[in-house]
Amino acid sequence: ALQAGGRFRPHDVIVTPGAQAALATTLRVLAPHGAPVIVESPTYLGTIAAARAAGHRVVPVPTDTGGVRPDLLADALRQTGARVVVLQPLYANPTGAILAADRREAVLQAVRAAGAFLVEDDFARDLVLEGDPPPPLAADDPDGHVVYLRSLTKSTAPGLRVAAVAARGAAGARIRAARAVDDFFVAAPLQEAAIEVVSSPALKRHRRSVALVLRQRRDALVHAVRTYLPQADVALVPQGGFTLWVRLPDGLDDVAVAADAARAGVTISPGRPWFPAEAPAPFLRMTFAGAPIDDLERGVARLGQVVSASFSATPLM
């Protein structure tokens, strides 16, 4: 509650078995079946999946290196009547973007004017690689429009499926009631493990160690992409998180490139599934969290050969 800006009280926080569970329940509770839900484009696959599973109509709003554009967000809210917006303002997955400082108040104002809820997925706050991250949007929300999601999983271990959703008033009560129906409560041993982690004096040291390794891997991946994939473009080197968003040359099929890369022993994600609607260009999503530097470099070198072959095979228009 304090890390979300101090506007939440302890009883506003609901512990959940991972952030995906918190997100799925929040969307199901706050928007009725068939209602529009606004998301960034591109955005986290789990957000798209959760909204569609709840029967919502997913409405994309384009982003750039400064995050979501407030003017387009306000237009989408007016035109669709949506009452729920899902954003990742910090180190967005997959782009790595941070919501620009001069957009924060405009985004909150657009949500307030629409009488909507903003679901802030703050999944990567513990994965700061450089600089000082801005506070959560929830810290600037005096009226309860922001529902705040936070997870321990990304910065600790995949098996520590503990997260929390913080919401005030009727929204919080509805989310709490829905979680009780879904799974009653998170297993006590898992909650005890989470308390042990967050109260340990070693946590800050652990986060510094994780940040150091991720920063080294990020730099190595960016260098490898610029060396072995000169045709591609890296518009943003992320200051946190664990993903790199790479634009391929026009005319290439990112899904085909990813399939060819898999046959060459390289696992990457095509960009197309990360867009709720039609992708404007071919992209690849790369992660630097799970492989050492040597593997990242070898993988990108193989990928460069795959892209060069695909580029050579693309017919000229």
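Helices and strands here are DSSP runs, numbered from the N terminus. The model is predicted.

**Helices H1 and H2**
- Helix H1 spans residues 19-30, and helix H2 spans residues 45-53.
- The two pack at an angle of about 40°. Their axes lie 9 Å apart.
- The crossing of H1 and H2 is right-handed.
- H1 brings Gln 20, Leu 23, Ala 24 and Leu 27 to the contact. H2 meets them with Gly 46, Thr 47, Ala 50 and Ala 51.
- Of the residues in this contact of H1 with H2, 5 are nonpolar and 3 are polar. No charged residue takes part.

**Asp 12**
- Asp 12 sits in the segment before strand E1 (13-16).
- The relative accessible area of Asp 12 is 3%. Buried means under 20%, so Asp 12 counts as buried.
- Neighbours within four places in sequence are set aside for its contacts. Asp 12 then touches Arg 7, Val 165, Ala 166, Ala 167, Arg 168 and Arg 176.

**Helix H4**
- Helix H4 runs over residues 104-114.
- Its buried residues are Arg 104, Val 107, Leu 108, Ala 110, Val 111, Arg 112 and Ala 114.
- The cover over the buried residues of H4 includes helix H3 (70-80). It also includes strands E4 (67-68), E5 (84-87), E6 (117-121) and E7 (146-151).

Key
Residues are numbered from 1 along each chain as its sequence is written. This is a predicted model: local features need pLDDT of at least 70, side-chain atom pairs count only at pLDDT 80 or more; totals for chains, interfaces and linings use all residues. Side-chain values use heavy atoms; hydrogens and water are left out. Axes are lines fitted to C-alpha atoms, for helices over the stretch in contact, and angles run from 0 to 180 degrees between N-to-C directions. Helices (H or I, at least four residues) and strands (E, at least two) are DSSP runs, numbered from the N terminus. A crossing is left-handed if the near helix is turned anticlockwise from the far one by less than a right angle, and right-handed if clockwise. Contact means heavy atoms within 4.5 Å. Ala, Val, Leu, Ile, Met, Phe, Trp, Tyr, Cys and Pro count as nonpolar, Asp, Glu, Lys and Arg as charged, and the others, Gly among them, as polar. Buried means under 20% relative accessible area, exposed over 50%, partly exposed in between (1.4 Å probe, protein chains only).
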